[in-house]
Amino acid sequence: MENEPQMHEGATGSGKTASRRTLTRDAVVASICGFVVVFMVGASYAAVPFYNWFCRATGFNGTTQVATSAPSDAPLARKISVRFDANVGPGLPWKFEPEQNEIAVRIGEVVTVFYTVTNQAARTTAGQAAYNVAPLTVGSYFQKINCFCFTEQTMGPGEKREMPVVFYVDPALAKDSENDTLQTITLSYTFYPVRDPAPKPLAAGVGDRRKGNL
């Protein structure tokens, strides 16, 4: 009979120890779950800029490249037709079209073409252009030196503007056997509305008027 209280106290101590272990394990599991949630949220925000960087670096999904200068070598004799496509997303009251639907360019030749944009609204509106080329695998060879798509565009009521694109087709394309039969590249733009355009100086809205290009 005298030993019974001692046995009871031992059982109680073991129970408390097991309970503390359970609470510690639950806390560790909760901490891990919280870390995973935070990591996944952070990864979701990082995915978009990482995807954009990946597309620009590789030309994936028809994303064109940004060049800082013209090719050092003379253009090749081989020519490719470049078609120009223009679209406007819902909610943007703009008329947007290329001045030429198609031109023939020599590979490595620097070319300037123009698109015209008209704001058909009685208010100031802003848009940003998304772009790609087709076939999608040609994106890494399509080099832009200057393009309206690099920045947000703000248009006054009824304003009409000419917007230049300066580009060339990288001579490296001719060395890619997969493009031996390539005859046409389509450059496509779609303007989407910008809901809260950033304030800009008045001079920033002045378009390129066929001068100052290469």
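Q: Which ring does the charged end of Lys144 sit over?
A: The ring of Tyr131, 3.6 Å from its centre. The criterion is NZ of Lys or CZ of Arg within 6 Å of the ring centre and within 35 degrees of the ring normal.

Q: What kind of model is this?
A: Predicted: local features need pLDDT of at least 70, side-chain atom pairs count only at pLDDT 80 or more, and totals for chains, interfaces and linings use all residues. Residues are numbered from 1 along each chain as its sequence is written, and side-chain values use heavy atoms, with hydrogens and water left out.

Q: What is the bridge partner of Lys144 in S9?
A: Phe167. Five bridges join S7 (residues 142-147) to S9 (residues 160-169), and these strands run antiparallel. Strands are DSSP runs of E, at least two residues, numbered from the N terminus. Two of them pair if DSSP finds at least two bridges between them.

Q: And what is the strand order in the open sheet?
A: S1-S7-S9-S5-S3, with mixed pairing. S1 (65-66) and S3 (94-98) have a single partner strand each, so they stand at the edges.

Q: Switching to aromatics. How many pairs?
A: Twelve. Ring centres of Phe, Tyr and Trp (its six-membered ring) must lie within 6.5 Å; planes under 30 degrees apart are stacked, over 60 edge-to-face, the rest tilted. Phe84 and Tyr115 are edge-to-face, because their planes stand at 90°, with centres 6.3 Å apart. Phe84 in S2 and Tyr115 in S5 are 31 residues apart.

Q: Is Tyr115 buried or exposed?
A: Buried, at 0% relative accessibility. Buried means under 20% relative accessible area, exposed over 50%, partly exposed in between (1.4 Å probe, protein chains only).

Notes:
Helices (H or I, at least four residues) and strands (E, at least two) are DSSP runs, numbered from the N terminus.
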